[in-house]
Amino acid sequence: MGRLVIASNRVGSSLSANDGGLATALLAALDRRDVVWFGWSGEIVDEPPGPTRLQRDGNLLQALVDLERSDYSGYYLEFANRVLWPVFHYRVNLAEYGREQWATYGRVNEMFAERLASVLQPDDFVWIHDYHMIPMGAALRRLGVDNPLGFFLHIPFPAPEVLTTLPVHEALVRSLFAYDLVGFQTGNDLQAFQDYVEREAGGQTGDDGTIRAYGTSVRAARFPISIDPRVVAARAVRAASTRQATRLRDSVSGRRLIIGVDRLDYTKGLVHRLDAVERLLETRPQHRRGVVVLQIAPPSREDVPEYRQIRAELDARIGRINGRFAEPDQLPLRYVNRRFRQETLFGFYRASRVALVTPLRDGMNLVAKEFVASQDPEDPGVLILSRFAGAARELDTALIINPFDVDQIVDALDQALGMPVEERRARWEAMMSWLQEHDVHVWRASFLKALQQPESKLPGTPTVPPARWTRHGALSSA
Ligand code: ADQ
């Protein structure tokens, strides 16, 4: 079988403590097969970038390209993170579109495609990831590459009314048709893609998942990303007895820990979440001495102004809440702006009674899944989960909330803190058994099967032909 060639903006590494959701999932899903992982090295240079660097990292061959400063700015900071990220997360008011940035985004994708094409072998399967690289497939096709090309979108695909606010929506969607297979996180995202193609391009969706438009077709399906719950559970058990987890438990002594872990991003709903914490302490004084809230939020994309703004907003809120509710001997809210080893986080999850995962929009949200897998089966914690995280479509025995409704978060916190152990177990068991059946290996294998076997049935498509067709393909009279 040919090699698997992965392309994503940032390349995962077994050496780095954490690379965010995309790399975490892909690293967990690598098997023994030869894998080449292509992408930006993370280096910004002041002259045209040198040759692609190949370096081995275990069974992974990394192919790394540097970015010139102006390209990094136009492609990554501006177009990917100040246009596509907000629009795809329904924050159209934050998008700062400019033609020049769009041109740079296209040009960098052309450059990536040229670099990738030069390391490709004829029987390689290419799997491109996320919003930074949407047009790369089309650029590869223009260079004559005819290997199977798959694309997976890690973030939501917005409803057509939202996507069409982006001036270049058509060119962007059209470029997805260069792939053989396009994967989304949830049925909602897939539906939004189909709606766009039907309404804006007069396209059609077949029962087998093939979407026809722009004089061509693409197969599209949902492939919900996940974690390896067995590995996470084992690491959580180990981490629970480490010094860091023990110190955290000791410091909470007798109170219950409510945890939130998110990249510091305006999509994660941190402002609403803090408002809920403040309102809980204000309106339910019985919890004032009974809970500790730990919010871990490592800064990300600090070169983007909206991220500096949200950070300042959070700093101010946290100061105010602690100013209002701290006692000389206790602080209700702990706020930590740094990364931890993942295993350490799993130990923290296991020490927590409640997790707040309340994004305003999120493709999936792996923290929700990691929290569930880290729990003690005898005494599991409660997950409070936003209905706007992809994970809510799977972890439906969590306490599902609307993150814009601060009072509803407060009620959910109250319910979680008072929930009897039998109910906590029943809710947790349903989520854990789902995760065990739908882990990250299933995600990877089902995407690659659909890419490698174009005749195979796509996930979510009917198992039997629709009733109006007979076995021989003729219309039945029914
Ligand atoms: P992210 O927006 O990065 O991912 P998420 O899915 O929660 O969000 O993944 C974050 C990862 O980083 C988790 O594995 C978590 O353990 C880790 N992490 C978070 N805070 C950390 C910290 N302080 N220290 C160390 N590790 C930390 C994007 C999309 C999501 C989608 C994923 C995967 O935005 O919607 O679920 O990709 O497709």
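Reply: Buried residues make up 56% of the 478 residues in the chain, where buried means under 20% relative accessible area (1.4 Å probe, protein chains only). The model is predicted, so to speak of a local feature takes pLDDT of at least 70 and of a side-chain atom pair pLDDT 80 or more, while totals for chains, interfaces and linings use all residues. Residues are numbered from 1 along each chain as its sequence is written, and side-chain values rest on heavy atoms, with hydrogens and water left out.

The chain folds into 16 helices and 16 strands; these are DSSP runs, H or I of at least four residues for helices and E of at least two for strands, numbered from the N terminus. Its radius of gyration is 23 Å, close to the 23 Å that the globule rule gives for 478 residues, so the chain is as compact as a globular protein of that length. That radius is taken over C-alpha atoms, and the rule is 2.2 Å times the number of residues to the power 0.38. Among contacts with a separation of 6 or more, 76% join residues 24 or more positions apart, a contact being heavy atoms within 4.5 Å.

Now to the ligand itself. There are 26 residues around it, and His154, Asp362, Met364, Leu366 and Glu370 come nearest; a residue belongs here if one of its heavy atoms lies within 4 Å. By type, the shell divides into 11 nonpolar, 9 polar and 6 charged residues. Ala, Val, Leu, Ile, Met, Phe, Trp, Tyr, Cys and Pro count as nonpolar, Asp, Glu, Lys and Arg as charged, and the others, Gly among them, as polar.

A nitrogen atom of the ligand lies 2.9 Å from a backbone N or O atom of phenylalanine 340. Oxygen atoms of the ligand take part too: one is 2.9 Å from a backbone N or O atom of glycine 363, and one is 2.8 Å from a polar backbone atom of leucine 366.

How much of the ligand does the protein bury? Taken alone the ligand exposes 720 Å², and the protein buries 97% of that, with areas from the Shrake-Rupley method and a 1.4 Å probe. Helix 1 (21-29), helix 12 (342-350) and helix 13 (366-373) are the elements that give two or more residues to this shell.

Terms used
Polar contact = N/O pair within 3.5 Å; in protein donor to acceptor, adjacent residues only side chain to side chain. Buried < 20%, exposed > 50% of the residue type's maximum accessible area, 1.4 Å probe, protein only.
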